[in-house]
Amino acid sequence: MFTYENLKKILFMFQPETAHHISECALKSLPKIRFLNNYLVNKNFVVNTKLKQEILGISFINPIGLAAGFDKNATMINSMMALGFASTEIGTMTPRPQDGNAKPRMFRHINEKSLQNAMGFNNEGSFKVAKNLKKTYPNAITIGANIGKNKHTPEEFALNDYKVLIERFKDISDYIVINISSPNTPNLRDLQNETFINELFSMAKELTKKPIFLKIAPDMSVENAVSLSKCAVNAGASGIIATNTTIDYSLVKNSKDFGGLSGACLSNKSYDLFKELAKELFGKTILISVGGISNGQDAYRRIKAGASLIQIFTGMIYEGPSMVGKINKEVLELLQKDGYNHISQAIGADLK
Ligand SMILES: Cc1cc2nc3c(=O)[nH]c(=O)nc-3n(C[C@H](O)[C@H](O)[C@H](O)COP(=O)(O)O)c2cc1C
């Protein structure tokens, strides 16, 4: 019988990056197979007024989005509804094309339902990705552009990389995400400092009125994460996305000593930081939670902790294409159980 468990057995016989390319080929072709695409959209894409939100002038049909790193080159946007996602974050794109780090650079920790990656912003470069985006923007789903500096751009010119990227993507995406939290570009996380954040958002706000989010790492202390996020918000950030992958290699048994961990092993760490961040920032800015989410209960606890939106990457690799639909349906059940008529009533309920 065709189940994702069976398909996963085949996909997991390949190296993770090869499996990703196979999935990318399938997802690129899916919209051309109209009956299958329509069947999957009907099955997985949850449309319900209780889940629909207008955030910063952007429409989100449901709260679950694809996290950055899966669709680095904007080649799979038209398949996202079939997977149930109401938003997708393209990238991370760099100004110039980049090969990324040496292979192998993606690993599975199957028992822990986790991944470890050291991709290093492999992408076709902002020019090519923008060309792809122009074909699909605007779209029925919401599109974010996640941007990062090139590996070989020295720190003193990093600001210019972000300037070039914002100019390139501001009119062909619904929102922009500044990524200075990947562990796989040497010294990138050093840019998570208040001086740079101030300069960055001052410059960015001059360039566009579109929402700009900052994505942060889970490996900072709560104090650092809060003060950095506050600084970003004061400098003009529209919200915070927490978190990227972690370099806490103690979270899985047979970890490599490089790259970043994602998936189930990251769930509590990401939630704990998110919760603390929300205590300080909920109501003052928009908060998006990502890291190890793979079921409705977990998504709902992030929502109650203050998340307006949820993002997912690794969970989908382990749970398959019906996961997002299930999560949205579970969230609807949990809303009903708590007596809420709309998701906005649950967002931050733990803090009220
Ligand atoms: C293979 C892989 C590549 C990733 N690439 C990026 C990236 O380019 N930019 C980014 O902001 N996050 C990237 N991420 C991080 C995810 O967007 C997300 O923040 C993280 O994986 C935690 O979510 P998850 O546990 O649901 O995967 C990547 C994650 C994985 C697994």
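Reader: What makes the link between the side chains of Q116 and H109 a polar contact?

Author: Good place to start! A polar contact is a pair of N or O atoms within 3.5 Å; within protein, one must be able to donate a hydrogen and the other to accept it, and residues adjacent in sequence count only if both atoms are side-chain atoms. The side chains of Q116 and H109 are joined at 2.9 Å, so the pair falls within the 3.5 Å limit. Before we go on, this is a predicted model, where local features need pLDDT of at least 70 and side-chain atom pairs count only at pLDDT 80 or more, while totals for chains, interfaces and linings use all residues. Residues are numbered from 1 along each chain as its sequence is written, and side-chain values use heavy atoms, with hydrogens and water left out.

Reader: Which backbone atom lies 2.9 Å from a polar atom of the Q116 side chain?

Author: That is the backbone oxygen of K256.

Reader: Why is Q116 called buried?

Author: Buried means under 20% relative accessible area, exposed means over 50%, and partly exposed is in between (1.4 Å probe, protein chains only). Q116 has 0% relative accessibility, so the residue counts as buried. Leaving aside neighbours within four places in sequence, Q116 has contacts (heavy atoms within 4.5 Å) that include R105, F107, Y249 and L261.

Reader: Where is Q116 found, and what is a strand?

Author: Q116 is found in strand β6, residues 114–117. Strands (E, at least two residues) and helices (H or I, at least four) are DSSP runs, numbered from the N terminus.

Reader: How do you know that β5 and β6 pair?

Author: Two strands pair if DSSP finds at least two bridges between them. Four bridges join β5 to β6, and these strands run antiparallel. One example is R108, whose bridge partner in β6 is L115. An open sheet has the order β5-β6-β11. β5 (106–109) and β11 (260–263) each have a single partner strand, so they stand at the edges, with one side of each left without a neighbour in the sheet.

Reader: What is the sense of pairing between β3 and β13?

Author: Strand β3 (residues 64–66) pairs with β13 in the parallel sense, over three bridges. In that pairing, G65 stands opposite Q311. Strand β12 (residues 286–290) also runs parallel to β13, joined by three bridges, and S289 stands opposite I310.

Reader: How do you know that the span of α7 is close to what is expected?

Author: The expected span of a helix is 1.5 Å times one less than its number of residues. Helix α7 (residues 194–207) has 14 residues, and its C-alpha atoms, first to last, reach 20 Å, close to the 20 Å expected.

Reader: Which residues of α7 are buried, and what puts them on the same side?

Author: The buried ones are F196, I197, L200, F201, M203 and A204. They cover an arc of only 165° around the axis, so they sit on the same side of α7; the arc is that of the directions from the helix axis to the C-beta atoms. On the other side of α7, T195 and E206 are exposed.

Reader: What makes N193 a cap for α7?

Author: A side-chain oxygen of N193 lies 3.1 Å from the backbone nitrogen of T195, at the N-terminal end of α7.
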